Amino acid sequence: MDISLVILSAGKSTRFKSVTKKQWIRIETEPLWKFVADRLNSFYNFKDTIITANQNETKLYRLLSDFKIVEGGSSRQESLKKAISKIDSEYVLVTDVARACITKDMIERLIQKADEFDSVVPYLPAVDTVVYKNNTINRDDVKLIQTPQLSKTEILKKALESDEEFTDDSSAIKNIGGKIGYVLGDEKAKKITFKGDENLNCLKPASNLIFSGNGYDIHQFTQNKKMVLCGVEIESNFGFLAHSDGDVAIHSIIDALLGAAGYGDIGEFFPDNDPAFKNADSKKLLQYVVNLLQTTGYEIVNIDVTIIAEMPKLSPYKKEMKKSIQNLTKCNHINIKATTNEKLDSIGQKKAIAVISNANIKFKEKI
């Protein structure tokens, strides 16, 4: 059948109440969103796979996968509308990334009923007593709705033109008079909503690998600008020629962290031709990158920094620089070294300072 897959993964993960977003829980080395996409694609040969992502994370999704990534909206429904606008298949299977352990049998039950209904929905029967507005009702009349849901694409597109917000696809289709079919869902397809829900049988724990990255940066001296290294102001007659404040040490640390995570380099996140970063405080740039690593499931193991400078003398500042980086990265294992270039090249001629940094990161052991 002509089916495309949509995985909704643009939510803020607020109910999960963790620094690491649930989309980025690590399954061995893969983030949850990619694990779910790979798992479902192993069950069926979909025409297209569209994954919605938060606007701040689309770049990372594209770095880590070959699936079509669409920037999500402010609600589930808006994200879905954006995703299905990219689809021309007859049918679309829509699921939430939080349903990590969907089974192949469940997908097959949906597909078997596809030509009979406008939307086919998996459900679980209620097994406990059900009370609605203080009145006990017949639990046999209650269905606990799950995803994925398989719908006729054009009908779903029409249904979502409404300004009314719907919590799932079938509700929108039912609202325009569409025919809804129900098939038995699966207890294994439990939705990850709160912390602790991620302890599912199909999810393996995060790998204990250590990932290493290095960073290098060099800046020339310039007059009429204060010198800042590791977020610490250095007494000097010179500053750094740079688009930002020129903190060459922090820039190299950022590159080392991004390299360890496989997230590209500093120029991709903070372009030196973007007016938004003119005279930017490099401490804030580092804090952004540290937060990015934390929300995507990493913690910093250690950072080692080597500053290569003929001038000024940096030994009086090393302790303060170390403390500054510890505070900015929330990592205690920081080492700051300073050396000269034995009067060679532009550094030895007192025209520039260069910094080499190495960073090691790992997946968080506890979410």
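Guide: A term first: helices here are DSSP runs of H or I with at least four residues, numbered from the N terminus. The model is a predicted one.

Visitor: Which residue just after α10 takes a positive phi?
Guide: Helix α10 covers residues 318-329. Just after this helix, a positive phi of about 60 degrees is found at K330.

Visitor: How far does α10 reach from its first C-alpha to its last?
Guide: The helix has twelve residues. At 1.5 Å a residue, the expected span is 16 Å, and the model comes close to that, with a reach of 16 Å.

Visitor: Which strands and helices do the buried residues of α10 pack against?
Guide: The buried residues of this helix are M321, S324, I325, Q326, L328 and T329. Their packing partners are the helices α7 (248-261) and α9 (282-295), together with the strands β14 (227-229), β15 (232-234), β17 (298-308) and β18 (334-339).

Visitor: Which side chain has a polar contact of 2.6 Å with that of S357?
Guide: S357 is placed in strand β19 and, at 1% relative accessibility, counts as buried. The residues S357 touches include G213, A249, S252 and D304. The side chain at the other end of the 2.6 Å polar contact belongs to S252.

Technical notes: Residues numbered from 1 in each chain as written. Predicted model: local features only at pLDDT ≥ 70, side-chain atom pairs only at ≥ 80, totals over all residues. Heavy atoms only, no water. Helix = DSSP H or I, 4+ residues; strand = E, 2+ residues; numbered from the N terminus. Expected span 1.5 Å × (residues − 1). Buried < 20%, exposed > 50% of the residue type's maximum accessible area, 1.4 Å probe, protein only. Contact = heavy atoms within 4.5 Å. Polar contact = N/O pair within 3.5 Å; in protein donor to acceptor, adjacent residues only side chain to side chain. Lists of a residue's contacts leave out its neighbours within four places in sequence.
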